[in-house]
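Colleague: I have a few questions about this structure. Can we go through them one by one?

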Amino acid sequence: MERLGLILAAALLAVTGPALAQGQGNGAGNGNGQGNGGGNGNGNGQDNRNIPLRIEIESGIDFSRSALRGQLDGDALIDPQTGEKIVGPNLIDLGGLAYQGRARVTGKPLQPVRIDLPASVTLRSAKGAKAELTDFTTDIPGVAVLDANGELTFRFGARITTIEARGGNFRGRIPIRVEYF
């Protein structure tokens with residue numbers, strides 16, 4: 001039985017560049033906690049109209065260790081809320097620590113944002129084997145909104161499926177796009 005190392009730990013470092021916020025008015029807050037009436041002050045005397053959105057990947061998805069049961073492709077799912085790995089019928093869980101991805105978005109306080117994950121990502125091993133990530137999910141309920149400090153932390157999971165029933169230590173990059181809503 002060939003070992004199927006499904007590790008994506010540092011694989012999530014390539015994300016799309018930050019989107020720029022759009023705003024109107026002069027943006028100068030007066031420090032009284034009320035802004036300037038133009039909707040762009042944050043009460044601390046700083047202009048927050050053009051605060052760019054940034055995303056930082058705090059941890060990548062790690063499926064830990066699994067093995068194929070036979071000659072058929074196998075799959076496993078990482079739950080974004082618990083980090084639990086759920087293996088399909090053609091994989092055997094060999095243990096180890098599996099965990100969901102975690103990302104932090106920063107930008108303009110109290111603004112809604114759209115977070116787009118890809119439909120699929122192809123992963124590759126050093127020996128040429130391939131696997132595909134699909135079914136990306138997050139733990140964000142409803143509409144994603146940056147908090148009063150301009151931050152939002154979320155977790156994400158996905159399903160990995162082997163291609164041509166070949167194992168390996170798979171790596172890849174998951175582009176995550178974030179923009180003001």
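Modeller: Start with a cut-off: buried means under 20% relative accessible area, and exposed means over 50%. Keep in mind that this is a predicted model.

Colleague: Is Ser-64 buried or exposed?

Modeller: Ser-64 sits in strand E3, residues 62-68. Its relative accessibility is 5%. The cut-off for buried is under 20%. Ser-64 therefore counts as buried.

Colleague: Which backbone oxygen lies 2.7 Å from a polar atom of the Ser-64 side chain?

Modeller: Two backbone atoms come up for this side chain. The backbone nitrogen of Leu-97 lies 3.4 Å from a polar atom of it. The oxygen, at 2.7 Å, belongs to Gly-95.

Colleague: Which residue in E13 stands opposite Ile-115?

Modeller: Strand E8 covers residues 112-116. Four bridges join E8 to E13, and the two run antiparallel. Opposite Ile-115 stands Val-178.

Colleague: Is Val-143 buried or exposed?

Modeller: Val-143 lies in the loop between strand E10 (130-138) and E11. Its relative accessibility is 52%. The cut-off for exposed is over 50%, so Val-143 counts as exposed.

Methods: Residues numbered from 1 in each chain as written. Predicted model: local features only at pLDDT ≥ 70, side-chain atom pairs only at ≥ 80, totals over all residues. Heavy atoms only, no water. Buried < 20%, exposed > 50% of the residue type's maximum accessible area, 1.4 Å probe, protein only. Polar contact = N/O pair within 3.5 Å; in protein donor to acceptor, adjacent residues only side chain to side chain. Pairing = 2+ DSSP bridges.
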